[in-house]
Protein chains: 2
Amino acid sequence: MRQQVHFVTLSTTDLDAARRFYRDGLGWEPLADVPGEVLFFQVGPGMVLGLFDSVKFDRDLSGTEASATAGPAMSTDAAVSGVTLAHNVEGPEEVAWTVEAMVQAGARVLRAPEHGEFGGVRHAFVEDPNGVVWEVAHNPGWHIDQSGNVVLG
Amino acid sequence: MRQQVHFVTLSTTDLDAARRFYRDGLGWEPLADVPGEVLFFQVGPGMVLGLFDSVKFDRDLSGTEASATAGPAMSTDAAVSGVTLAHNVEGPEEVAWTVEAMVQAGARVLRAPEHGEFGGVRHAFVEDPNGVVWEVAHNPGWHIDQSGNVVLG
């Protein structure tokens, strides 16, 4: 697993307040802005800060809308809450290899590799020994260009 | 305030377990490793992931060892816990200007700019509208070289 973080995603209870603060207040330019869902800002070369509606955040972690309604299916004993780190890989098979490497290193699988909601995405969720949640993902709609700019879609 | 995150720091209850996982298990190379305190990994150009002993993490946020013993002095209603984002600036005066810009945008000051524990550091803590904690810091011992490598000390 390369020594890289590609997304830091934070749960937000008021995404509109986040937009007012970062976009309108600080003048930051969103990489993507999906009202009611997510707001992405590139905050470094190849690096994205995601502000994610807390209901969607929970649903994303728990896997399905139904299980989110019934409460997150994942452990809630994490020391760090409301944040996930994402590590993106080049191909769908590499998701499985990376998860396996993390398990060998002492991590725990929260959700085995599966297809995501959007086209071609394959991802898994893994918890490090301190309860930090990593998403390991292959997303054909994401890449970093030669200048370090993150390109989506 | 530039659209940049320089450090993502996570509270860890078992820093030795974190070291075993990231360094020994995944083979990541620490940028800095202070046993019992903090473990830094560069995870992108100009970008550092910090794993911070949870007692020290709390103390860092609350400001003093005494107040940490008595419980964190800061609000605990944040939606996101156990994580801080850091935004580094070029000079000590810029800490104050940046905090002011964040307040104008709707943030709340948790700790006004003050001198840190280490040489020349000046920093402040600010909470965004969703309870995300930012450290705004000038640290003369930190810089990013032309290749995007983070240099400490």
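## Terms and numbering

Two strands are said to pair if DSSP finds at least two bridges between them, and both helices (H or I, at least four residues) and strands (E, at least two) are DSSP runs that are numbered from the N terminus. This is a predicted model, in which local features need pLDDT of at least 70 and side-chain atom pairs count only at pLDDT 80 or more, while totals for chains, interfaces and linings use all residues. Residues are numbered from 1 along each chain as its sequence is written, and chains are lettered from A, with ligands numbered from 1, in the order in which they are written.

## The sheet of chain A

An open sheet of eight strands in chain A has the order 2-3-4-1-5-8-7-6, with mixed pairing. Strand 2 (32-34) and strand 6 (108-115) of chain A stand at its edges, and each has a single partner strand, so one side of each is left without a neighbour in the sheet. Neighbouring strands are turned by 20 degrees against each other on average, direction ignored.

Strand 8 of chain A is mostly covered, since six of its six residues are buried (a residue is buried if 20 or more other C-beta atoms lie within 10 Å of its own, exposed if 12 or fewer, and partly exposed in between, with C-beta atoms placed from the backbone). In a regular strand the side chains alternate between the two faces of the sheet. Both faces of strand 8 are covered, with A:Val133, A:Glu135 and A:Ala137 buried on one side and A:Trp134, A:Val136 and A:His138 buried on the other.

Strand 5 (residues 83-88) of chain A runs parallel to strand 8 and is joined to strand 8 by five bridges, with A:His87 having A:Val136 as its bridge partner. Strand 7 of chain A, by contrast, runs antiparallel to strand 8 and is joined to strand 8 by six bridges, and A:Phe125 stands opposite A:Glu135.

## How the two chains meet

Chain B is superposed on chain A by a rotation of 180 degrees with 0.0 Å of shift along its axis (RMSD 0.0 Å), which is the relation of a two-fold axis; copies are superposed by least squares on the C-alpha atoms of residues with pLDDT of at least 70 in both. The same surface serves both copies, as 100% of the contact residues of chain B recur in chain A.

In total, 42 residues of chain B are in contact with 42 residues of chain A, where contact means that the C-beta atoms of two residues, placed from the backbone, lie within 7 Å. Helix 1 of chain B gives the most to the side of chain B that touches chain A, with five residues.

Notes
Axes fitted to C-alpha atoms, helices over the stretch in contact; angles between N-to-C directions.
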